[in-house]
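Colleague: I have not worked with this one before. Can you walk me through a sheet and then the ligand site?
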Amino acid sequence: MSVETRVPATIDRGRIKQLTEQQMDLLAQRTQRSKELYDRAVRVMPGGVPSSFQENDPWPVYLERGEGAKVWDVDGTEYVDFHNGFGVMCIGHANGAVGAAVKARHDEGTHFAAPTDGSVYVAEELADRFGLPQWRFTNSGTESTMDAVHLARGATGRDVILKIEGSYHGHHDAVMVSVYPPLDALGERDDPASVPYGEGYPRALTELTRAVPFNDADALASVLAKLDGQVAGLIMEPAMMNINIIPPREGYLERVRELTSEHGVILVFDEVKTGATIGRGGATRRFGVTPDIVTLAKAICGGYPGGAVGMSNEVAELVTSGKVHQYGTFNGNPLVMAAARAALGEVLTDDAYAQLEATNQKLMAACDEIIERYGLPCYTQGLGAKGCVVFSPEPLYEYRDYLTKVDGELSTLAWLFHMNHGVFMTPGVEEEWTLSVAHSEADVQRYLDAFEAFARDVTA
Ligand SMILES: Cc1ncc(COP(=O)(O)O)c(C=O)c1O
C-alpha cells in the first residue's frame, strides 16, 4: 500500500532524487531472477503478486527460503529479515518447535472440520493472555474484523461503525473506509468524510462507517453524542501500526473505554498486528484496557494462516444462541492450531517477550544515536517486537500528522538502502520492522550499518 504524503523539504531534494535513482538501479540489477519471475507472474496474476500489498517498484523481490532471522531471494542474496512476513514471523523462520508440531499433526490428519483439542488449548491460552473469556477462530485478520463488525451490530441492533481515520483493518466492506484518504478528501477534522478505499463497495455501506481521529477522546465524545443510539461499534488499533507506529496518548484508551460503555457501543481492539508481538496479552494487557472484542491474526499462528476473535460472555452469547453466525470450514484447522499452540506455548513465552523488547530498545537507541549524529529529521518509535524510524521531524499523533509530516521520499530512500545492504524490509512508507526471537546482535548491527550508510550518504 502506498499513500502520498506532502511535507516541507528539510534535506536536499536533488540529492534524495539522485540517490533514489542510483539505489533503484542497483536493486534492479541485482534482482534479475526476480524480474524473470515477475515477467511470468504478470501474465497470470494481476500485478504479478498474490496480494496487492506485495507489489513493489521496480518489481517485487521474490523470496526462496528463510531460516531464523534470515531470508534468501531467488537471486541468492541473503538478508536479515525485518519485514518478517508483515509482522507474522516473530518465532523466526523454519522454527523447530512449530515445525515439529505441524509435522506431527500432519501425520495424524490435517483437517476434519470437527473440533480437535488444539483449538481448546489455543482458546484457553488466548483467554489467559487477553482476559477475554470466549474465543472463536478464523483464517485471517480480515475475517476476524468482519466477524467483530457482525457481532457489534448484532449486539446493539445498530448499523453505524466508527473507525479511526487512517487505519487498515482488512479488506471487507465495513472497514475499507478512510484507510488512506488523500488530503483533499479528508473533510473537517471534527467531521471526517467517509472515503472508500478503492472501488467495489456499495456507497450505502461506506456511509455506514464513520471515521474519527486517533488520540482525541473529545472528538470521539462529540461524534458519539451526535450519533447517539446509532453507533454499533468502534473498531480501532490500540496503537496504530499501519501508518508507522503511533502509540496511544496517556489516558486515551481509558477514556475511549468509558465513552463507548456510556453510549452502549461495542469496543473492538483490532490486535491483528499488536496481539502477539508487543507482549503476552498484546495491547490489551500492555495498556490495561479491556475491550468487548479483540481481533487477532498474523503472529498468533506461527506462520500459518489463522485468526481469532476474543469476546466477553455477553457478546459470546450472540454466537452461542445463533443470533450472529460465525462460520468457516477451516476455522480452528488442526494444522493451524498445532502451529499456534507451539508458537504461543513454546516459543513466545514471557522470556521471549522480554528478549524482543530488549533487542528492540537497543536497536531504537542505536538508530537514535545515528539520527542525532547526522541531524536527520526523524525519530524512532516502537513497542515489543515492533519498531520504526518515523521520517518526520516531530511526533505523529494521528493520520493527519502522518499525511502532512512524514517525508515519503526519504522513507522510500531508506527502504532502498536497507534492501541493498542486506536488510529485508516492508515496501512502502507506512510499515514498521518486526523482530523475531532469532534476531541476534549481529542481525541488529546489519540494520544499523544500512541505516548509517543511508544517513551518511543522504547528508553528505
Ligand atoms: C490492524 C490490521 N487488521 C487487520 C488486518 C487484515 O489482516 P489479513 O491481512 O490477515 O486479512 C491487517 C493486515 O495488515 C492489519 O494490519
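This is a predicted model: local features need pLDDT of at least 70, side-chain atom pairs count only at pLDDT 80 or more; totals for chains, interfaces and linings use all residues.

Colleague: Which strand pairs with strand 14 in the antiparallel sense over five bridges?

Modeller: Strand 13 does; strand 14 itself covers residues 386-390.

Colleague: What is the order of the strands in the open sheet?

Modeller: The order is 13-14-16, three strands with antiparallel pairing.

Colleague: Why is one side of strand 13 and of strand 16 left without a neighbour in the sheet?

Modeller: Strand 13 (379-383) and strand 16 (433-434) are at the edges and each has a single partner strand, so one side of each has no neighbour in the sheet.

Colleague: And which helix lies across strand 13, strand 14 and strand 16?

Modeller: Helix 13, residues 350-374. Its direction is at about 175 degrees to strand 13.

Colleague: Changing topic. Which residues are around the ligand?

Modeller: The list is S140, G141, T142, Y168, H169, G170, E237, N242, D270, V272, K273 and K298.

Colleague: What does G141 use towards the ligand, a backbone or a side-chain atom?

Modeller: A polar backbone atom of G141, 2.8 Å from an oxygen atom of the ligand.

Colleague: And how far is the polar side-chain atom of N242 from a ligand oxygen?

Modeller: That distance is 3.0 Å. For K298, a polar side-chain atom is also 3.0 Å from an oxygen atom of the ligand.

Colleague: How much of the ligand's accessible area does the protein cover?

Modeller: On its own the ligand has 390 Å² of accessible area, and the protein covers 86% of that.

How values were computed: Residues are numbered from 1 along each chain as its sequence is written. Side-chain values use heavy atoms; hydrogens and water are left out. Two strands pair if DSSP finds at least two bridges between them. Helices (H or I, at least four residues) and strands (E, at least two) are DSSP runs, numbered from the N terminus. Contact means heavy atoms within 4.5 Å. Axes are lines fitted to C-alpha atoms, for helices over the stretch in contact, and angles run from 0 to 180 degrees between N-to-C directions. A residue is near a molecule or strand if one of its heavy atoms lies within 4 Å of it. A polar contact is a pair of N or O atoms within 3.5 Å; within protein, one must be able to donate a hydrogen and the other to accept it, and residues adjacent in sequence count only if both atoms are side-chain atoms. Accessible areas come from the Shrake-Rupley method with a 1.4 Å probe; for residues, only the protein chains shown count as cover.
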